[in-house]
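Here is a short briefing for a reader who is new to this structure. Take a look at the chain, then work through the points below.

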Amino acid sequence: MITITFVVFLIAVIYYLVHLNHQHWKKRGINGPQPIFLAGNMGRSILLQIQPGEIFTDIYRKYNNESIVGAFKSFTPFLLIRDPDLIKEITIKSFSHFRDNDVEIDKKVDPIFGRNPFVLKGEEWKVVRAQLTPAFTSGKMKWLYPSWENNSSKMVQFLEQRPNATNGNGYEAKELCTRFTLNNVGDSVFGIDAKCFDEDNSEFRQLAKDFFTPGSWTIITILIANIFPFVMKILPIRFCPKSVEKKLTQIVSQTLQYREDNNIVRNDFLQIIRELKKTSKDYEFTDLDVTAHAAGFFGDGYETSSQVMSFVLYHLAANEDVQMKLRNEINEAFDEKERLPYEVLQTLTYLDGVFNETLRLTPPVFFLQKMCTEDFSYVSKDSKSVLIEKGTPIVLPIYGLQTDPQYFEDPESFKPERFLAENKERVKKCTFMPFGEGPRACLGQRFGALQVKVGVSYLIKNFELRLNKKTQVPLKFDPANVLVAPVGGLWIDFKKIA
Ligand code: HEM
């Protein structure tokens, strides 16, 4: 009896405290959806009905008169920012008040992901970001380009030898694009032939599968952490499996040793990181840092790009008129040796429009999560003084903004023309931000854009693309995946152009 009374009392106290906490935004005069006990506003994500990103999009659309909306992940209050001018303030002008991403990974638990610039905070982030930035100059991209062009040709040959891809059974676009970007990353980061078009299960491909296929415990903790953020602080979350960490360390040390012994200097990412180890003055650059940054280039380098590239193919297959227009531009661009010179690729404006329009309609991440690291006050459009307190998590609803008819007319239609020179100026700042914005924006933007564009160009020159009936339209996104992953995959028929 005493136990039952105690349990009832405990539940009542927890309920009261959670209820009190759920008054957080009301007390500050900020509007938002009504939270429910324990789940806050993330109920449908807890039930695995939709992605957290889709919840944020719903909030964005519903509160279209507000510039900020107060909501809750479980009982943690967060602010969803709707006003692009305020997003500009947060990501660019007052960046020092919102410097960190809202993600917690302990370096001691996960030495690889814990050292990724996306995860690092404060001064450490600043130093590492400055160290890695020179790896992404346009000069470096030009140096990498020939090997990516070779991989594009290999991708074409690979499809030609796959009867299923051309006989109506289709080929899954993400799978194809992952082979391509992994080959690129193998060359550019480690100077290794990843053999993804030669072998169905090359060692490198297996490594990538293990790297980006977290165990079920990790998936559960990522999901829980998205919904109940305090869990990140308590549970030791490891994204990179121990076996992958071991294998990557081995690849890096063997490759470096080989280069050392044979006096080989290559202009690739591993070389850049190797130099950093020698020259870093700001902090001790350990062997683990070398492996972690090489692994970072590896993971960041192939996964998002292959996802974006598969969406480009999907949109082209679904929009034949766009596909034809793009093919006309691309056919003109190839030279007499059937190559697409780097400089010419940079001038293809319609291809650039197709790439950007894909990122608008199907960005690989639907939202960004920032942390307010210093109190920030501003005056809202209706002349109210608003204080964002240090420690407040911030959500930037990329997908909501990019599909808002206020900023993009007829937002559900695929129109690359929106991003041609004559219209680009009209895109309001911070309403289109698939790479983020400001000092913390994606470091590999050039790398990603270039490999997607060259791969797509070779495919469009050689094949007509149609959607295969196995593709589930309209797309539905896997609620158990943090990235935007279409359920059932993107199946495409590739018809060889004679
Ligand atoms: C088309 C492909 C890609 C897309 C759409 C993309 C998108 C993004 C986004 C949205 C962020 C978060 C930005 C923010 O927090 O404000 C990010 C961060 C980052 N990306 Fe990418 N990315 C792509 C390709 C790449 C590639 C190829 C690399 C490296 C080879 C890369 C490296 C990084 C790094 C290191 C960060 C963390 C930057 C920091 O916090 O300082 N990304 N990316």
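R28 counts as partly exposed because its relative accessibility is 36%; buried means under 20% relative accessible area, exposed over 50%, and partly exposed in between (1.4 Å probe, protein chains only). This is a predicted model, where local features need pLDDT of at least 70, side-chain atom pairs count only at pLDDT 80 or more, and totals for chains, interfaces and linings use all residues. Residues are numbered from 1 along each chain as its sequence is written, and side-chain values use heavy atoms, with hydrogens and water left out.

**Salt bridges**

- A salt bridge is a side-chain nitrogen of Lys or Arg within 4 Å of a carboxyl oxygen of Asp or Glu. By this rule there are 28 salt bridges.
- R28 and E389 form one of them, at 2.8 Å from N to O. R28 sits in the loop between α2 (24-27) and α3 (43-46), and E389 in the loop between β7 (385-388) and β8 (393-396). The two are 361 residues apart, so the pair links distant parts of the chain; helices (H or I, at least four residues) and strands (E, at least two) are DSSP runs, numbered from the N terminus.
- E389 is partly exposed, at 29% relative accessibility.
- R44 pairs with D58 in a salt bridge, with the closest N and O atoms 2.5 Å apart. R44 belongs to helix α3 and D58 to helix α4 (residues 52-62), 14 residues apart.
- Both ends of that pair are partly exposed: R44 has 39% relative accessibility, and D58 has 34%.
- K428 and D85 meet in a salt bridge at 3.2 Å, N to O. K428 lies in the loop between α20 and α21, D85 in helix α5 (residues 84-93), and 343 residues separate them.
- K428 is partly exposed at 35% relative accessibility, and D85 is partly exposed at 36%.
- A network of salt bridges links R162, E175, R179, D200 and R205.

**The ligand and its iron atom**

- C442 (SG) is the only protein donor of the iron atom of the ligand, at 2.3 Å. Donors are N, O and S atoms within 2.8 Å of the metal (3.2 Å for Na, K and Ca); water is not among the atoms, so sites may look incomplete.
- C442 is in the loop between α20 (421-424) and α21 (445-462).
- The ligand is surrounded by 26 residues. The closest are W125, R129, K370, R440 and C442. A residue is near a molecule or strand if one of its heavy atoms lies within 4 Å of it.
- An N or O atom in the side chain of W125 is 2.8 Å from an oxygen atom of the ligand. The side chain of R129 also has an N or O atom 2.8 Å from an oxygen atom of the ligand.
- Elements that give two or more residues to the shell around the ligand are α6, α15, β5 (368-371) and α21. Of the elements, α15 gives the most, with five residues.

**Buried spots**

- G170 is in the loop between α8 (163-166) and β4 (171-172). G170 is buried, at 4% relative accessibility.
- Not counting residues up to four places away in sequence, G170 touches N164, A165, N468, W491, I492 and D493. Contact means heavy atoms within 4.5 Å.
- G170 and L465 are 295 residues apart in sequence, with their C-alpha atoms 9.9 Å apart in space.
- T403 is in the loop between α19 (398-402) and α20. T403 is buried, with a relative accessible area of 4%.
- The side chains of T403 and R61 are joined by a polar contact of 2.8 Å. A polar contact is a pair of N or O atoms within 3.5 Å; within protein, one must be able to donate a hydrogen and the other to accept it, and residues adjacent in sequence count only if both atoms are side-chain atoms.
- In helix α14 (residues 269-279), the buried residues include F269, L270 and L276. The buried residues of α14 pack against several helices, among them α6 (122-132), α7 (138-160) and α15 (287-318).

**Annotated span**

- The unreviewed UniProt entry carries the annotation "transmembrane region" for residues 6-22 and 211-232. UniProt positions are given in the numbering used here, feature names are shortened, and annotations may be inferred rather than shown by experiment.
- In the model, residues 6-22 are 94% helix and 0% strand, and the end C-alpha atoms lie 24 Å apart.
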